[in-house]
Amino acid sequence: MRQLIKLGLILVVAILVYNYFFGDAQEKAQSKEIFHKVGELGKASWSLLKSEKAKLDEGKYDTAIDKIGNVYDDLRSRARSTNDTESLQRLAELERERLALEQRMAEIEAEKDLQTSRNRPLGTTLVADEKELKIDLRRLLSDTETLMRQMEKE
């Protein structure tokens, strides 16, 4: 089944390339438009992922997690359009990890707010939890980047 999907993808790419170079004016325009849209989606996804990685380094976890979800939506659309079931499964796993991290982040933020409202310094456990969350977010970004590279190769 997987090879059938790959064969279908190769066939679609071959038709697009053929039409791009040897098709009539309408086919060339259609191929150019498809290549342009795929390129824009790839560039936008990379740009978004890099900016979110920078925000994560600055400590803006909540917006990073939300925007990673947007990247997943884009990747999911691309995987569905190419019937890439393997990438869809991996995206589902990454989405579950993202949601778990989002929950952990909410718990850490609630505990920080509680400590602040009581005029207490942040405990070492809370600081360690926050550090671990940042490491896990970086790993999630790295896994997402790996998936994006795999999807580009196919």
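Colleague: Which helix gives the largest share of the nonpolar patch?

Modeller: Helix α1 (residues 2-22) does, with 6 residues. Helices here are DSSP runs of H or I, at least four residues, numbered from the N terminus. The patch is made by V13, V17, Y18, Y20, F21, F22 and F35, and covers about 710 Å². Patch residues have over 30% relative accessible area and no salt bridge, and nonpolar side chains (Val, Leu, Ile, Met, Phe, Trp, Tyr) are joined within 5 Å. Areas come from the Shrake-Rupley method with a 1.4 Å probe, and only the protein chains shown count as cover for residues.

Colleague: What should I know about the model itself?

Modeller: This is a predicted model, where local features need pLDDT of at least 70, side-chain atom pairs count only at pLDDT 80 or more, and totals for chains, interfaces and linings use all residues. Residues are numbered from 1 along each chain as its sequence is written, and side-chain values use heavy atoms, with hydrogens and water left out.

Colleague: Now the inside. Which residues touch the most other members of the largest nonpolar core?

Modeller: Y72, L75, L101, L133 and L140, out of 20 residues. A nonpolar core is a set of buried Ala, Val, Leu, Ile, Met, Phe, Trp, Tyr and Cys residues joined through side-chain atoms within 4.5 Å. Buried means under 20% relative accessible area, exposed over 50%, and partly exposed in between (1.4 Å probe, protein chains only).

Colleague: Which elements give two or more residues to this core?

Modeller: α3, α4 (85-117) and α5 (124-153). The largest share, 8 residues, comes from α5.

Colleague: What does L133 contact?

Modeller: Leaving aside neighbours within four places in sequence, L133 contacts L101, R104, M105 and I108. Contact means heavy atoms within 4.5 Å.

Colleague: How far does α4 reach?

Modeller: α4 has 33 residues and reaches 48 Å from its first C-alpha to its last, close to the 48 Å expected. The expected span is 1.5 Å times one less than the number of residues. Then comes N119, with a positive phi near 55°.

Colleague: And α5, what span should its 30 residues have?

Modeller: 44 Å, and its end C-alpha atoms are 44 Å apart, so the two agree.

Colleague: Switching topic. How many salt bridges are there in the whole structure?

Modeller: A search finds 11. A salt bridge is a side-chain nitrogen of Lys or Arg within 4 Å of a carboxyl oxygen of Asp or Glu. One of them joins E93 and R90, with the closest N and O atoms 2.9 Å apart. Both lie in α4, 3 residues apart, about one turn of the helix.

Colleague: Why does that spacing matter?

Modeller: An α-helix has 3.6 residues a turn, so residues three or four places apart point the same way.

Colleague: What about E145 and R149, buried or partly exposed?

Modeller: E145 is buried, because its relative accessible area is 18%. R149 is partly exposed, at 45%. Salt bridges that share partners also join D73, R76, E95, R98 and E102 into one network.

Colleague: Where is R76 found?

Modeller: In helix α3 (residues 61-81). R76 counts as buried because its relative accessible area is 17%. Beyond its neighbours within four places in sequence, R76 is in contact with L88, L91 and E95.

Methods. Patches are made of residues with over 30% relative accessible area and no salt bridge: like charges are joined within 9 Å, nonpolar side chains (Val, Leu, Ile, Met, Phe, Trp, Tyr) within 5 Å.
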